[in-house]
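Me: Can we go through this one together? I'd like to start with the ligand and then move to the strands and domains.

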Amino acid sequence: MHVDNLPAGGAAPPGTDTGPAGPPPVVTARGVTKAYGRTRALAGVDLAVRAGEVLGLVGHNGAGKSTLMRVLAGLEPCDTGTVLVHGRQASAGDFRTVRMAYQETSLCPDLTVAENMWVSSRHCLPRVRWRRAASDAVRRRLDDMFPGHGVSPRDRVEDLSLSRRQMVEIARACLVDRLDLLILDEPTESLGPDAARSLYAYVRRLTEAGTAVLLISHRIREVLSVADRVAVLRDGAVTAERPASGLTEPDVLGLMGAHVAAPPTFGAPAATGSTARDTVAELLGATGPGLREVTLRVGRGEVVGLAGLAGQGQQEVLKRLWRPVRRDTTVGVSRAYVPGDRQRSGVLPLWSVGDNLIVTALRGIARRGLRRPAEERAVVADWVKRLSIRGGAEAGITELSGGNQQKVIVARAFASPAGLVLLDDPFRGVDVHTKTDLYGLIRQEAAKGRSVVWYSSENAEMAHCDRVYVFRAGRVVAELTGEEISEERIIGVSFAEKGEDG
Ligand SMILES: Nc1ncnc2c1ncn2[C@@H]1O[C@H](COP(=O)(O)OP(=O)(O)OP(=O)(O)O)[C@@H](O)[C@H]1O
């Protein structure tokens, strides 16, 4: 069977109810509920996704977005209520044309890209010479969706960067003969700006061909620029559905409830000049894989940002500070590391939220080598409350929503006695309100004397730093302090004409 570059989609099969005037609903949820033990993830959802539209779905961490997606994609049954596909009560086979690209990729890390394609799309690939067919199909799809992707079908998935894994995940979801609904769960959290633009250009082509797209994202501005309609999910129910045009970011944040997050203000921190602080960590002319003569210092109680385009040496600096094995790096305090890739190196999947959170603080809490369970519980309870970790301390970590898992990893670092916290782009998948709380937490902990080194792919986050080093090609190309720190400045330096460092 042949796999076209753009799958057919959209039109309802003959003889089905297409509903009132306007594009027909592809998938409809009616009164859908879903509970996991005592957690009510969906509390009666009514929602229709129509052919040819992009429907943006927004809501807090734990609001039920991913659960709803799994139910709409036929991957999990609902407890009560109904899911209709093309207006008919759906049975398993009807979900074949509904595909989902996951936030935590569903790819098998030990297999190659082509083998993964075969696993998930074998019904539309030939059985003979399948490897060749799968390679050709995925290459074509990736070329079409993400020009310049740099992925070979022979690459093992675990060797790919987060961004490339995400591209493959999305291409995997689109590798079908017919696509009526594409569900994208936070697709751009790991993609760079170019890949994100390519994705949305492809999404437009899909919707023009009649496919419906359901986009979940915490990036509200992005949702507003791509979606035709926006639905707000709150505590497991749709509380608002509006056309995207005319809505602003504050409108949507308001509809999501709680307080409206204040946008970060650049240049606000920087209470003390860095030179006035004791140095806790330093790189002096550090050179090696990915780094070229990097000199930087971190003062006590200072929040130091590492900015620039992705992959310019920022993560190598974090690695050096985490394990200072070379003479060019000195670190005088204990350290904690918050990975951005929780799937690979973040959560301990068999442990509870409490155990995941407290693991790095145990030694500090123990007395004469003996654990103190009551104190441990108090620390855990405090952090669960402070970061509103939905699910509570006793829940298994994998029972938590993605954003809530990320909060546990952040809490783990700050619950430890570490004097230096290393943040590796840690807030992907965390909702806007929680992010604002976490930014506040970083400043509070810095005020208590902790130092933070923070790599972020979102330039706006650098507004919360005292000092920012901008990286290009493994070098520091600018050091910005206080009011010098601005998005325009960071972008300007990141893209400046290549000089001798080219
Ligand atoms: N497999 C599971 N077992 C137990 N509880 C679960 C499971 N999956 C989800 N939940 C719970 O259901 C609720 C909704 O989770 P869901 O992942 O749907 O939220 P979300 O809106 O996608 O959040 P995020 O923005 O953080 O990804 C949460 O309280 C979560 O802890």
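What follows is a short exchange about the ligand shell, a set of paired strands and the domains.

Me: Before anything else, is this predicted or experimental?
Reply: This is a predicted model.

Me: OK. How many residues surround the ligand, and which are the closest?
Reply: The ligand is surrounded by 20 residues. The closest are Tyr36, Ser66, Glu399, Ser401 and Gly403.

Me: Which elements give two or more residues to that shell?
Reply: β2 (39–50), α1 (65–72) and α13 (402–415) do.

Me: And how does the shell divide by residue type?
Reply: Twelve of its residues are polar, four are nonpolar and four are charged.

Me: Which domains does the shell draw at least three residues from?
Reply: Domain 1 (25–256) and domain 3 (343–417) each supply at least three.

Me: Switching to strands. What does β9 pair with?
Reply: Strand β9 (residues 229–234) pairs with β3 (residues 54–58) in the parallel sense, over four bridges. With β10 (residues 237–243), β9 pairs in the antiparallel sense over six bridges.

Me: What about the turn between β9 and β10?
Reply: The two strands form a hairpin with two residues between them. Asp235 in the turn has a positive phi of about 45°.

Me: Last topic. Where do the centres of domain 2 and domain 3 sit relative to each other?
Reply: Over C-alpha atoms, 26 Å separate them. Their contact takes ten residues from domain 2 and nine from domain 3. On the domain 2 side, helix α14 (residues 432–447) gives the largest share, five residues.

Technical notes. Residues numbered from 1 in each chain as written. Predicted model: local features only at pLDDT ≥ 70, side-chain atom pairs only at ≥ 80, totals over all residues. Near = placed C-beta within 6 Å. Nonpolar A, V, L, I, M, F, W, Y, C, P; charged D, E, K, R; others polar. Domains from an automatic or database assignment. Pairing = 2+ DSSP bridges. Contact = placed C-beta atoms within 7 Å.
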